[in-house]
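Subject: Structure handover

Hello,

Here is the structure for you to look through. My notes on it follow below.

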Amino acid sequence: MNRVVKPLIMLAFLLSATGIHAAVKVEKQGDVVRVTIDGNLFTEYHYQDVSRPYLYPIIGPTGEGITRNYPMKDVEGESRDHVHHRSLFFAHGDVNGIDFWAETSRKDKKRGRTIHSRFLELKSGRTGTIKTQNRLIAPDGKQLATEIFTIRFSSKGDKKFIDFQVEIKATHGEVVMGDTKEGCMAIRLASSMRLRAVDKSPGKGQIVTSAGITGKDAWGTKAAWVDYSGPVKDQTVGVAIFDHPSNLRHPTWWHVRDYGLFAANPFGKRYFEKLEDHSAGNHTIPNGKTLSQKYRFYFHKGGTEQAKVDAEYKAWSK
């Protein structure tokens, strides 16, 4: 065999074996967009007849679901709190005074809906892409703003990644992102991964931030990344969310709970820092302007050190 061809064949085999060349397929199937990696389900994008679009399920690096099933599916042993914690999603609890986070009405907030408008791109390849346009609709039917989600899916070996870019466009007047802890780039993890003890069963999860804070003390603190790991079917897996250096108020605050909710939130300053000024974290997007935020979800085996989360963050953030 040719001396050049043989090493190239071996290299191709090794790259394939490590998953670097994994094929990502993105296609509409019924009322969802299905994302597969090398023919295996990774996730589905739900966008029809929902309070807001979301990704569910998320199949982790061991082949098991890594997010809670409720409320999409009832599974014995799972918690059933917070019906609006739908797997992986972006939402905020105060946009011009309207709540796009919760799904049930509250006395102090009127609830809005995030409505799918159209897909701008559905692309398969080594990286799969869903690019979609949404409308933020107030209870009276008026549009407050336009959202663009660009969601990219990729893998490398047993590591999986979701890159989620959010553009909030002030297309219908000034937009004020209000100060609240209820937001924003969020995931609700499998109940088995929780840190909090429930029903006399100790939580086996762990939370670690880039600032070195661990456990429930991480709530409300600022960090470039947070990693949340725990057992799923007797194997330890984890999810890290990365906050890009170009994002508003980087490093961001973290709305990370010991029961499995996990969210990056650049708008909750007065909540997280216990300030009296209720508008301390407000951010105004002038009419015609756009706020763009970039996040990465890193799904990995093992705990934070084993998964080399900090090294992954530094490579991505460059």
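Are Phe297 and Phe299 buried or exposed? Both are buried. Buried means under 20% relative accessible area, exposed over 50% and partly exposed in between, with a 1.4 Å probe and protein chains only.

First, the ground rules. This is a predicted model, in which local features need pLDDT of at least 70 and side-chain atom pairs count only at pLDDT 80 or more, while totals for chains, interfaces and linings use all residues. Residues are numbered from 1 along each chain as its sequence is written, and side-chain values use heavy atoms, with hydrogens and water left out.

Overall picture

The protein chain has three helices and 21 strands. These are DSSP runs numbered from the N terminus: helices are H or I with at least four residues, strands E with at least two. Of its 318 residues, 54% count as buried. Contact means heavy atoms within 4.5 Å. Among contacts with a separation of 6 or more, 58% come from residues 24 or more positions apart.

Eight strands make an open sheet, in the order 8-9-10-11-21-17-16-14, with antiparallel pairing. Two strands pair if DSSP finds at least two bridges between them. Strand 8 (113–123) and strand 14 are at the edges with a single partner strand each, so one side of each has no neighbour in the sheet. The average twist is 20° from one strand to the next. Axes here are lines fitted to C-alpha atoms, for helices over the stretch in contact, and angles run from 0 to 180 degrees between N-to-C directions.

Strand 11 (residues 159–169) and strand 21 (residues 290–301) run antiparallel and are joined by ten bridges. Ile162 stands opposite Phe297 of strand 21. Helix 3 (residues 309–317) packs on the sheet. This helix touches strand 11, strand 16 (225–232), strand 17 (235–243) and strand 21, and its direction makes about 35° with that of strand 17.

The cores

A nonpolar core is a set of buried Ala, Val, Leu, Ile, Met, Phe, Trp, Tyr and Cys residues joined through side-chain atoms within 4.5 Å. The largest one has 59 residues. Leu88, Ile162, Phe262, Phe297 and Phe299 have the most contacts inside it. Strand 10 gives the most to this core, with five residues. Apart from it lies another core, of eleven residues, including Phe242, Tyr298, Ala307 and Tyr313.

The aromatics

The whole structure holds 18 aromatic pairs. Rings of Phe, Tyr and Trp (its six-membered ring) pair if their centres lie within 6.5 Å; planes under 30 degrees apart count as stacked, over 60 as edge-to-face and the rest as tilted. Phe90 and Phe149 are edge-to-face, at 6.3 Å centre to centre and 75° between the planes. Phe90 is in strand 5 (residues 88–92) and Phe149 in strand 10 (residues 143–156), so this pair ties together parts 59 residues apart in sequence. Both Phe90 and Phe149 are buried. Phe297 and Phe299 have ring centres 6.3 Å apart and planes at 10°, so they are stacked.

Phe161, Phe242, Tyr298, Tyr313 and Trp316 form one aromatic cluster.

One arginine

Arg194 is in the loop between strand 13 (183–188) and strand 14 (206–209). Its relative accessibility is 16%, so Arg194 counts as buried. Among the residues it touches, not counting those up to four places away in sequence, are Tyr228, Asp258 and Tyr259.

Best wishes
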